[in-house]
Amino acid sequence: MTHTFPEEVLEHVFSFLNTQHDRNTVSLVCKSWYEMERWCRKRVFIGNCYAVNPRVLIQRFPEVKSIELKGKPHFADFNLVPEGWGGYVYDWIVEMVRVYPMLEEIKLKRMVVSDECLEMIGKGFKYFRVLSLVSCDGFSTDGLAAIAANCRNLRVLDLRECEVEDLSGYWMSHFPDSFTSLECLNMACLNSEVSFSALERLVARSPNLKILRLNRAVPLEKLSTLLQLAPQLVEFGTGAYSADVSTDVYSSLVAAFSGCKDLKDLSGFWDVVPAYLPAFYSVCSRLTCLNLSYATIKCPDLTKIVSQCHNLQRLLVLDYIEDTGLNSVALTCKDLRELRVFPSDPFVADPNVLLTEEGLVSVSKGCPKLQSVLYFCRQMSNSALISIAQNRPNLTCFRLCILEPRAPDYLTFEPLDVGFGSIVENCKDLKRLSMSGLLTDRVFEYIGTHAKKLDMLSIAFAGDSDLGLHYVLSGCESLRKLEIRDCPFGDKALLANASKLETMRSLWMSSCNVSFGACKLLGQKMPDLNVEVIDERENLYSISESDPVEKLYIYRTVAGERSDMPNFVRTMGKDDMYNLS
Amino acid sequence: METEGFGLEITELRLGLPSGGGGERNEKTRMFLDIVGDGSDRNNEMAVGWPPVCSYRKRTITKLYVKVSMDGAPFLRKIDINSFRGYSDFVMALENLFGLGDTSEYTPIYEDKDGDWMLVGDVPWR
């Protein structure tokens, strides 16, 4: 018997497989399953746009409806990737317009998107529904106007932390009056003011609108108007939360917020005038997510808010919350899964707030479901890290940034090796780790020994020698993304673990000790890796073998060397038959 | 990167009408901008990209206040340079602050630390 089930049955079974991981697995079972699966895969996720190319995508998956692409390496968020490096979505859009006219969704992260791309999307996909751009750049509000004007069936326009050239707010007026399908609009990252009447009419004719995140330019006085038009909102982001104090504005706001019975998620709150804060207290007990990370609200007000949020699962906040505020979180937010504390004044060495390691220890003790932490602070100790690890072995993501590079345990002046070691030893399901402070090769030995589920690791100003890198590359079985800056790691560990790199998505190393010659060797030895040397200081064709490279980005690929590199990027080992230097 | 120190290099910015405009006005309406700053040499001490605060957030939270004074205006105004994405934004905000509107034409110029008059817009905004 060659077939146990008819194709239709298998296809039906496959339709229940939603994750890319599961679909990848079934396609490896046998050739017929591979064939069947590829014809019915609707959603594709490409974690590194240069790992494949449009042709490879199209050849394998002819019926794609939704695509997600990521471009630049993560460290691009911190200005470590020079402008012009790459990540252009243009060629992808051109090919997809040609081959996938029924495409419905495009989600991009850290990619360069031009206005022309947005126009092509608007005009090329008749049934286009979802556009999500996270940390993207390269486009202006003209591109948004093209989307608004052309996408008749748009459901989602989600712009998060994008750098948009803001020519005017007029783009919003391009949504036609017949357009009523909007479900999500996130324009928080835009600067210029949109026509309020256009916004008002858009909200009024969008009965399915569940997510609305306004930009800073929408005044507080207008919020109640919008909320009254959309009481069905589930997620809402305010604009600037400031106005002259007026009882009329205040009471309208109170009424409007209480009218939103389904509201679970709040954000925005730029330029807060504290007198207006109580206006949203009525929704606090229903909130599952609260993002106050752009709000300059100080402690007593902040504590008052969080102490009412009994159902909070995600909290993003500035360090104005201080240890006292975090104690309040620990007491109140028993359902908390994720905490992110950002620095209010990251570039000043002296503390401007009373936030220490104690706040984090407190939350780790009081919040049993806490899984994900991002915490910026100015001091840390091994004993605090050990407490956190023992309190919360269920942590899956732990990112700690001590502002001063190489800062030791502030109590003992020792490195923080033991503390982070305790984290990886106790938190057996840890998938993501970012470390800071004074760290020796020891911590990497702990990581290599214990962090078996670790998927992504970020290291800065740490380690003593190649041994550190070797521990990580040889020990972390699940490691897919590794990013390193300013560490004394060199050629030995990299070359000794070359084959490991093929099992990973990518490795970034900047301001380390990897020599140009080692990069060449690696590129020559490993044809399935792109070993990109990024160096703006030197001419990449006259650099000497023993010189350390400025930046290095290595990723596995089936697409070969990319064709859009600027002159400060060179892929090693591929062109060396022409350039033996 | 070399454009990091933009705010700290400029000591004084002045906005004035284009020179030789008509000949009827002997005095240009001038706007003076002085960096108020935040006291610390922050960007000079930290390594690039450290601490790892993403550039979107960095732009939103850091403030670089500039005091703006204009000839004939009764009081000074303060404006945060970091809240603008580029020169066009910035110039538009200055127009709005002083109610200049479309009728008034001017060329923004500033005086750098060498005492030379420089045309605003040559140095990359960042």
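How many residue pairs are in polar contact between chain B and chain A? The exercises below work towards this and related points.

This is a predicted model, where local features need pLDDT of at least 70, side-chain atom pairs count only at pLDDT 80 or more, and totals for chains, interfaces and linings use all residues. Residues are numbered from 1 along each chain as its sequence is written, chains are lettered from A and ligands numbered from 1 in the order in which they are written, and side-chain values use heavy atoms, with hydrogens and water left out.

**Exercise 1. Describe the interface of chain B and chain A.**

Step 1. Take the polar pairs. Six residue pairs, both at pLDDT 80 or more, are in polar contact (a pair of N or O atoms within 3.5 Å; within protein, one must be able to donate a hydrogen and the other to accept it, and residues adjacent in sequence count only if both atoms are side-chain atoms).

Step 2. Find the elements of chain B. Helices H2 (42-45) and H3 (55-61) of chain B each give two or more residues to the side that touches chain A (helices, H or I, have at least four residues and strands, E, at least two; both are DSSP runs numbered from the N terminus). H3(B) gives the most, with seven residues.

Step 3. Sort by class. This side of chain B has eleven nonpolar, seven polar and eight charged residues (Ala, Val, Leu, Ile, Met, Phe, Trp, Tyr, Cys and Pro count as nonpolar, Asp, Glu, Lys and Arg as charged, the others, Gly among them, as polar).

Step 4. Look for charge pairing. The interface has one salt bridge (a side-chain nitrogen of Lys or Arg within 4 Å of a carboxyl oxygen of Asp or Glu). Glu163(A) pairs with Arg59(B), the closest N and O atoms being 3.3 Å apart.
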